[in-house]
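Me: I have a structure here and would like to go through some of the labels used for it. Could you tell me what stands behind each one?

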Amino acid sequence: MTDPNEGYATQKEPEALSTVPHDSEDEEISLSDLRWDDGVVFVFFWVLAFVVFLQFFTRYVLNNSFGWTEEIARFLLIGVTFTGSVMATRKHSHIAVEFIYRWVPRTLRRIAQAVIDAICIGFFGLMAWYSYQVSGRTQQMMVSIDVSKSLVYQVCAACFAAMAIYAAINAWRHLRTGSSRLIDPDLSSHRNVGLD
């Protein structure tokens, strides 16, 4: 009988692969970084969950689906996405390519961070303005309920405006402290550099 691991490097024991020491206790989950505006995401999310469950229940259990649930679920998903983006902007958790930053000088990383902050503020502000303009021009009503689709664009405009404000606050903190996750990629969180 042949060895199934023949030709492969020997596998390491599970203890050697673990990054958490065995004698450490489980870390407690901290909700201290939640703010009042994060609650808007949870409201959108749970209303969306209820509407999707209602759609499933009426379609597959009652065999008589409510027609409005599909359209409202689509618009609620947009709300979850944009309000979640506000939270991500506040927490500095939007995705970023940090790989290159480890090999460039710190001065160049600070310049790149300032450029990125300026681009983010400009982009969010511009998108807030465009969303506001589109909401003013939208006269179409939703198909299933008697509500204007401009409401969706107004929510998007408000979320982009909030992202621009948080991006400006983040940029100010980066300039004031001289550090960020991109400037100092070896730091595991912003708490280490006093950004929160």
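Reply: Happy to. Let's begin with Thr 138, which touches Ser 148, Lys 149, Ser 150 and Tyr 153, leaving out residues up to four places away in sequence. Please keep in mind that this is a predicted model.

Me: Where does Thr 138 lie? And why is Thr 138 called buried?

Reply: Thr 138 lies in the loop between α4 and α5. Its relative accessibility is 16%, and buried means under 20%, so Thr 138 counts as buried.

Me: What makes the pair of Thr 138 and Val 134 close enough for a polar contact?

Reply: A polar atom of the Thr 138 side chain lies 2.7 Å from the backbone oxygen of Val 134. The cut-off for such a pair is within 3.5 Å, so the distance between these two atoms meets it.

Me: Why is Val 51 called buried?

Reply: The relative accessible area of Val 51 is 4%. Val 51 has its place in helix α2, residues 38-61. Beyond its neighbours within four places in sequence, Val 51 is in contact with Trp 68, Thr 69, Ile 72, Ala 73 and Leu 76.

Me: Are Cys 159 and Cys 120 buried or partly exposed, and why?

Reply: Cys 159 has 7% relative accessibility, which is under 20%, so Cys 159 counts as buried.

Me: What makes up the lining of the largest pocket?

Reply: The lining has 22 residues, and those nearest the centre are His 92, His 94, Ala 96, Ile 116 and Leu 182. By type, the lining divides into 10 nonpolar, 9 polar and 3 charged residues. At least two residues come from each of α3 (68-90), α4 (106-137) and α5 (150-177), and α4 gives the most, with 5.

Me: How much space lies in the largest pocket?

Reply: About 460 Å³.

Methods
Residues numbered from 1 in each chain as written. Predicted model: local features only at pLDDT ≥ 70, side-chain atom pairs only at ≥ 80, totals over all residues. Heavy atoms only, no water. Helix = DSSP H or I, 4+ residues; strand = E, 2+ residues; numbered from the N terminus. Buried < 20%, exposed > 50% of the residue type's maximum accessible area, 1.4 Å probe, protein only. Contact = heavy atoms within 4.5 Å. 1 Å grid on protein atoms, 1.4 Å probe; cavity = no way out; pocket = protein on both sides within 12 Å on 5 of 7 lines; lining within 4 Å. Points joined across faces, edges and corners; volume = space filled by probe spheres on them. Nonpolar A, V, L, I, M, F, W, Y, C, P; charged D, E, K, R; others polar. Polar contact = N/O pair within 3.5 Å; in protein donor to acceptor, adjacent residues only side chain to side chain.
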